[in-house]
Amino acid sequence: MALVTGASRGIGRCAALALARRGFDLVVTARTVREGEGRAHPSSVLADDRPVAIAGSLEGTAADIEALGRSCRVVPMDLMDRQSIHRVAEEALAQWGRVDVLVNNAIYQGPGTMDRILDLPIELAERCLIGDYLHPLLLIQLLLPQMLERGEGRLVNMLSEAAFTTPPAPAGSGGWGVAYAAAKAAFHRVTDMGHVEFFGAGVWSFSIAPGLTITESMRASGMDRVLIDAGHAPAPPEVAGEVAGWLGAAPEAERYAGQMVSSRSLCRELGLVSGWPPPRDPASGPA
């Protein structure tokens, strides 16, 4: 059984479907349970900061999983609510007795993620750390013991190039905010330490760096336009989602344990998404 957080849309939904196609039953979590409830919060670097309606829901993801012949349980989870993290782990283990694969995909989405250093209230920096580091770490702590008891399991953490790459420009001009980057960098160390501590006991840990991925939330926030205009090449969410599914299921994934994996490179190498990357236009010149 696999548990995927942030699975109402985007990479999380694609990861859940990729795992279902590989034979897993699922627990899917997010804040948006029913279609029409989803809201995105535009970045503070943009002029209009009113929430925007976005498509996608856990019920929709669950229906697609069940259409593949797999079971799926919907468990609402607010990444900023510690009790809901506990509830997700408890319900997953109560129903299936085990979680074989955990995909930590959900992120904090709210004010502060794209603030520059002098514009960032320390309270918002704290929220980024809670949502993108502390509570995903907590979910690992709650689910890891049963993996260790069985001597097998996989932790797939969705990270970001922002964790280890210096941006080409400040946030709002083609770069990213310090709070988001710092929280993702902290969470990447969990993958490293998890590999050192638990690989010998049968639990494999992975980080995925998806690059600029165009999701419903990103379109609604307006950050897709900012980053594409700054020269960042986009990829669809299926790319990182299929790589998460492969890392969660394939025996050959062992060679990537403990690493930060570029989902674009691995997806291209393995041919996981039909038609991606698209053929280059010869008229566009050399890459």
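Helices (H or I, at least four residues) and strands (E, at least two) are DSSP runs, numbered from the N terminus. This is a predicted model, where local features need pLDDT of at least 70, side-chain atom pairs count only at pLDDT 80 or more, and totals for chains, interfaces and linings use all residues. Residues are numbered from 1 along each chain as its sequence is written, and side-chain values use heavy atoms, with hydrogens and water left out.

**Stop 1: strand 7**

Select residues 153-158, which form strand 7. Are they buried or exposed? Six of the six are buried, so strand 7 is largely enclosed by the rest of the structure. Buried means under 20% relative accessible area, exposed means over 50%, and partly exposed lies in between (1.4 Å probe, protein chains only). Now show the side chains. Gly153, Leu155 and Asn157 point one way. Arg154, Val156 and Met158 point the other way.

**Stop 2: strand 6**

Two strands pair if DSSP finds at least two bridges between them. Find valine 101: its bridge partner in strand 7 is arginine 154. Next, select helix 4, residues 122-150. Strand 6, helix 4 and strand 7 make a right-handed β-α-β unit. A crossover is right-handed if, with the strands pointing away from the viewer, the path from the first strand over the helix to the second runs clockwise.

**Stop 3: strand 8**

Move to residues 203-209, strand 8. Seven of its seven residues are buried. Val203, Ser205, Ser207 and Ala209 point one way, while Trp204, Phe206 and Ile208 point the other way. How does strand 8 pair with strand 7? The two run in the parallel sense over six bridges. Arginine 154 stands opposite tryptophan 204. Valine 156 stands opposite phenylalanine 206. Between strand 7 and strand 8 the chain passes through helix 5, and this β-α-β crossover is right-handed.

**Stop 4: strand 9**

Select residues 260-262, strand 9. Three bridges join strand 9 to strand 8, and the two run parallel. Look for isoleucine 208, which stands opposite valine 261.

**Stop 5**

Helix 5 covers residues 178-198, and valine 178 lies in it. Valine 178 is partly exposed, with a relative accessible area of 36%.

**Stop 6: an aromatic pair**

The structure holds one aromatic pair. Which rings form it? They belong to tryptophan 246 and tyrosine 256, with centres 6.0 Å apart and planes at 70°, so the pair is edge-to-face. Rings of Phe, Tyr and Trp (its six-membered ring) pair if their centres lie within 6.5 Å; planes under 30 degrees apart count as stacked, over 60 as edge-to-face and the rest as tilted. Tryptophan 246 lies in helix 8 (residues 237-249), and tyrosine 256 lies in the loop between helix 8 and strand 9, so the pair ties together parts that are ten residues apart in sequence. Both residues, tryptophan 246 and tyrosine 256, are buried.

**Stop 7: a cis bond**

Finish at tryptophan 276 and proline 277. A cis peptide bond joins tryptophan 276 and proline 277, with omega about -5°. Proline 277 lies in the segment after helix 9 (263-270).
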